[in-house]
Amino acid sequence: MRVGASVGIYVSEKPRLTEMLLRADFALYEAKRSGRNEYCVFDAELDRALERKRSIERDLRGAIEAGALCSWFQPVVRLDTRAVVGFEALLRWQHPIHGVVAPLEIVSAAREAGALSLLTETVFLNCCSMIETLMTDGRQDLRVAMNVSPGELEAGNLDHIILDGLKVKARNIPAAMLEIEITEQAPIHCGAVSEKVGRLADAGVSIVLDDFGTGYSTLVSLKDSRIRKIKVDKDFVRDLAKSVEDQALVKAVISLGRTLEIEVMAEGVETDADRMILRSLGCAIAQGFLFSGALPPADALAFEPGRTECSIAAEAFFDPPALSRRGPSSGRAAERPDAGFRVR
């Protein structure tokens, strides 16, 4: 057995136990994000990061209740015609002090503040509003997707919230226009998660397996007849033109999808070369900066494929600042943990 250690250090001239433990713990997690087997000393930069974290957690619930959080929508397009076939909802929050808060920060803060279910319900209601507008415009053939983690499904009554919300008379939203993208933090075919996924699928909601090729994605997942679509993770799509191995993997996934009658889409498409390769491999739909980043609802509804320059610039504005690595080998950006909501 080989044993390693990550160490968080906090030094104070006037130590207070609770404060020391909190800040040393914060430094410890930064050391882990830096690659493990490192040490990190709590300094002024981490102090600012901790204060930001506290502030965001403190303000989040009030922001949700006040409607300060919103969803932007990233178009999903056909690779041959670039026609829009749907949208994915992605969180946005303009904090009055800290500015733009990244989706991963929002989700992390919601988890700490016990407001994750409230946050997910907010995204769902935003999706409902988008679908209502699409129906008014006569675009019932489009779908709107929201991200959900298996942990959220397992812990709460999200399935009832969604199904009850779709049946509201004032809304009367077709379940077929809603997609649930399940991120792979845990297997979806186990226990309570499987039961709730089944309830949503039976009602007509499309179940999408997100980030396929990472996490818990296995061939067992593809055997699940409730899965109607899989999204090939961007790590396999990025620089597809330069990697024969990635091309082979994507081709295999597309072939599996075709055999099992599961739709396959690619995310993270950024170059026309990647688009052309995906088309040649048989992939029909995709999303990515090549077409558009996430847009405010009105802009998403008016989006015309081919006019993408402004969306790329807008999306870059929402990249969260990376924390610097601390310890004996500083310099690289910290890794970001996965969460129920995706960063685009």
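Modeller: Helices are DSSP runs of H or I with at least four residues, strands are DSSP runs of E with at least two, and both are numbered from the N terminus. This is a predicted model: local features need pLDDT of at least 70, side-chain atom pairs count only at pLDDT 80 or more, and totals for chains, interfaces and linings use all residues. Residues are numbered from 1 along each chain as its sequence is written, and side-chain values use heavy atoms, without hydrogens and water.

Colleague: How many helices and strands does the protein have?

Modeller: The chain has 344 residues, and 47% of them are buried. Buried means under 20% relative accessible area, exposed over 50%, and partly exposed in between, with a 1.4 Å probe and protein chains only. The count is 13 helices and eleven strands.

Colleague: What share of the accessible surface belongs to carbon and sulfur atoms?

Modeller: The area comes from the Shrake-Rupley method with a 1.4 Å probe, and for residues only the protein chains shown count as cover. The protein's accessible surface is about 16,700 Å². Carbon and sulfur atoms hold 53%.

Colleague: Which elements do the buried residues of helix 3 pack against?

Modeller: Helix 3 spans residues 103-113, and its buried residues are Pro103, Leu104, Ile106, Val107, Ala109 and Ala110. A contact means heavy atoms within 4.5 Å. These buried residues pack against helix 2 (44-66), strand 3 (69-78), strand 4 (84-95), strand 5 (99-101) and helix 4 (116-136).

Colleague: Which residue just after helix 3 takes a positive phi?

Modeller: Look just past the end of helix 3. The phi there is about 70°, and the residue is Gly114.

Colleague: Which residue in strand 7 stands opposite Met146?

Modeller: Strand 6 covers residues 143-148, and five of its six residues are buried. Two strands pair if DSSP finds at least two bridges between them. Strand 6 runs parallel to strand 4 with three bridges, and parallel to strand 7 (178-182) with five. Opposite Met146 stands Ile180.

Colleague: And what is the bridge partner of Gly86 in strand 6?

Modeller: Three bridges join strand 4 to strand 6. The partner of Gly86 in strand 6 is Arg143.

Colleague: Why do the buried residues of helix 6 line one face?

Modeller: Helix 6 runs over residues 158-166, with Leu158, Asp159, Ile162, Leu163, Gly165 and Leu166 buried. An α-helix has 3.6 residues a turn, so residues three or four places apart point the same way. The arc is taken from the directions from the helix axis to the C-beta atoms. The buried residues line one face because, seen down the axis of helix 6, they fall within an arc of 165°.

Colleague: How far apart are the ring centres of Tyr10 and Phe42?

Modeller: Rings of Phe, Tyr and Trp (its six-membered ring) pair if their centres lie within 6.5 Å; planes under 30 degrees apart are stacked, over 60 edge-to-face, and the rest tilted. That rule gives two aromatic pairs. Tyr10 and Phe42 are edge-to-face, with 90° between the planes and a centre-to-centre distance of 5.5 Å.

Colleague: Is Phe42 buried or exposed?

Modeller: The relative accessibility of Phe42 is 8%. Therefore Phe42 counts as buried.

Colleague: Which residues do ring pairs link into a cluster?

Modeller: The rings of Phe26 and Phe42 have centres 6.5 Å apart and planes at 70°, so this pair is edge-to-face. Phe26 is buried too. The cluster is Tyr10, Phe26 and Phe42.
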